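Hi,

Here's the structure I promised you. Have a look around it first, then read my notes below.

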Amino acid sequence: MSQLIMKNEGTVDKFIGDAIMAFWGAPKDDPDHAFKAVETALQLKSELNHLHKTYKKSSFPDISVGIGINSGIVSVGNFGSNERFDYTVMGDNVNLASRLEGANKNYGTTILISEATKNIIKHSFFYRYIDKVQVKGRKEAVNIYEPLSKGSLPEDILNEVKTFEKGIKAYQYQNFHKAYRIIKALHKNHPSQLYQSYIDR
């Protein structure tokens with residue numbers, strides 16, 4: 001995973017237990033930081049699927065990952081004491097990325113990005129709207145999205161995403177009967193934790 005990050009010009013900040021913290025845009029300025037972060041996340045997801053095949057042959061259990069991406073102003077540089085310091089990033093926008101990483105568990109997703117990131121990269125990827133959430137440490141709720149692919153999607157998946165968007169729209173307008181009917185039918189044909197989370201609501 002770290003090799004893919006560095007190959008795509010990301011800075012591997014640190015390993016935190018079983019997590020990798022990485023960022024783009026420093027120490028070298030990079031106007032494509034958001035694009036490269038999302039593209040790398042999709043590559044990491046693909047790499048994990050490849051690893052699962054290897055693990056299966058060795059009778060190892062599957063593992064899942066959560067990736068959170070946010071874009072914005074941060075403090076970057078050497079932080080610590082005179083005796084020991086790290087080159088790292090800090091700030092509210094870093095914290096939001098961390099919250100998104102953890103939020104994947106709630107939806108059964110692998111990658112979640114903020115609206116700030118989506119607005120930078122615009123139509124470079126195909127996304128699915130997931131939810132509007134209030135994360136710890138922020139007063140305002142944020143829209144979150146799941147990037148599904150670089151470019152177009154197969155027609156069957158595209159239709160599934162569009163149907164889900166109709167269900168979400170009904171849910172946000174508090175037409176809960178319609179939302180339940182749409183998402184229940186989706187869950188029946190394509191069982192997922194995401195659909196179940198909305199059905200539970």
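Helices (H or I, at least four residues) and strands (E, at least two) are DSSP runs, numbered from the N terminus. Residues are numbered from 1 along each chain as its sequence is written. Keep in mind that this is a predicted model, where local features need pLDDT of at least 70, side-chain atom pairs count only at pLDDT 80 or more, and totals for chains, interfaces and linings use all residues, while side-chain values use heavy atoms, with hydrogens and water left out.

Now the sheet. Four strands form an open sheet in the order β3-β6-β8-β7, and the pairing is mixed. β3 (67–69) and β7 (126–133) are the edge strands with a single partner each, so one side of each has no neighbour in the sheet.

Next, helix α5 (residues 155–172). It lies across β7 and β8, at about 20 degrees to β7 (axes are lines fitted to C-alpha atoms, for helices over the stretch in contact, and angles run from 0 to 180 degrees between N-to-C directions; contact means heavy atoms within 4.5 Å). Which residues of α5 are buried? They are Glu160, Val161, Phe164, Gly167, Ile168 and Ala170, buried being under 20% relative accessible area (1.4 Å probe, protein chains only). Their cover includes β7, β8, α6 (176–189) and α7 (193–200). Just after α5, glutamine 174 has a positive phi of about 60 degrees.

Cheers

How values were computed:
Two strands pair if DSSP finds at least two bridges between them. Buried means under 20% relative accessible area, exposed over 50%, partly exposed in between (1.4 Å probe, protein chains only).
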